[in-house]
Amino acid sequence: MNVELLMSDPVVAAVPVREDGDPLVVLGPGFGPAGARVRRAVAVRLALAQDGLPRGTSLRVVEGLRELSAQRAIIARYSAQVRAAHPDADDDLVHHLTSRFVAPVAVAPHVAGSAVDLTLVDERGRELDLGTPIDATPEDSRGACATAAPVGATARRHREVLGDVLLAAGFVNYPTEWWHWSFGDRYWAAVTGAEHALHGPLEEVRS
């Protein structure tokens with residue numbers, strides 16, 4: 001994977017989408033209480049990843065499909081945080097810094113139902129140490145949210161366990177967020193060299 005590839009890179013936006021019509025499904029309680037909705041192909045691969053984890057460890061998915069309005073709100077909120085942290089930045093730099101952490105709508109894997117935000121839990125449902133909370137921003141975490149960032153030995157081991165099973169199941173990681181993994185979207189296609197994405201943004205949430 002090219003760890004420098006951002007969602008806002010023109011390479012990602014240039015990937016064509018050939019929507020395969022894969023339906024949304026609801027993840028069962030084995031993936032936590034969120035009841036996240038994802039494309040069926042994503043759910044199948046999550047099950048494969050779950051089966052590959054060490055005994056007593058499970059995936060907990062906290063978010064799957066995200067509505068377009070929610071994505072736009074996240075972009076606006078984080079853009080304001082970036083602008084406050086970098087008051088001398090012009091609009092282009094603010095956009096660049098924002099898109100390192102929050103995907104532009106046109107290429108956002110969550111609005112295609114192709115991405116999950118997830119972590120690891122033990123047999124009692126307690127979250128394991130992965131270095132930062134899910135959704136920790138680069139500003140808040142001093143960059144530790146990046147998958148390859150220096151973190152403690154325990155967190156590094158857990159990130160490696162998570163990465164091993166998800167990569168083996170066909171997912172790709174967005175390298176600025178250790179918790180974000182996707183399959184079938186434009187970013188996945190750009191990273192894997194696929195000719196086209198399988199899933200585009202869902203304008204209407206389907207049951």
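Which residues line the largest cavity? They are Val 17, Ala 106, Val 107, Ala 108, Pro 109, Ala 112, Asp 185, Arg 186, His 199, Gly 200 and Pro 201. Welcome to this predicted model, in which local features need pLDDT of at least 70 and side-chain atom pairs count only at pLDDT 80 or more, while totals for chains, interfaces and linings use all residues. Residues are numbered from 1 along each chain as its sequence is written, and side-chain values use heavy atoms, leaving out hydrogens and water.

**The cavity**
- There is one cavity of 30 Å³ or more, where a cavity is a set of points on a 1 Å grid over the protein atoms alone at which a 1.4 Å probe fits but cannot get out, and lining residues have an atom within 4 Å of a point.
- The volume of the largest cavity is about 40 Å³, counted as the space filled by probe spheres set on the points.

**The nonpolar core**
- The largest nonpolar core has 39 residues; such a core joins buried Ala, Val, Leu, Ile, Met, Phe, Trp, Tyr and Cys residues through side-chain atoms within 4.5 Å.
- Buried means under 20% relative accessible area (1.4 Å probe, protein chains only).
- Leu 46, Leu 59, Leu 118, Leu 162 and Leu 166 have the most contacts inside this core.
- Leaving aside neighbours within four places in sequence, Leu 46 is in contact (heavy atoms within 4.5 Å) with residues including Leu 27, Phe 31, Leu 59 and Phe 171.

**Arg 66**
- Arg 66 is buried, with a relative accessible area of 9%.
- The C-alpha atoms of Arg 66 and Ala 112 are 8.0 Å apart, although 46 residues separate them along the chain.

How values were computed
On a 1 Å grid over the protein atoms alone, a cavity is a set of points where a 1.4 Å probe fits but cannot get out, and a pocket is an open set with protein on both sides within 12 Å along at least five of seven lines; lining residues have an atom within 4 Å of a point. Buried means under 20% relative accessible area, exposed over 50%, partly exposed in between (1.4 Å probe, protein chains only).
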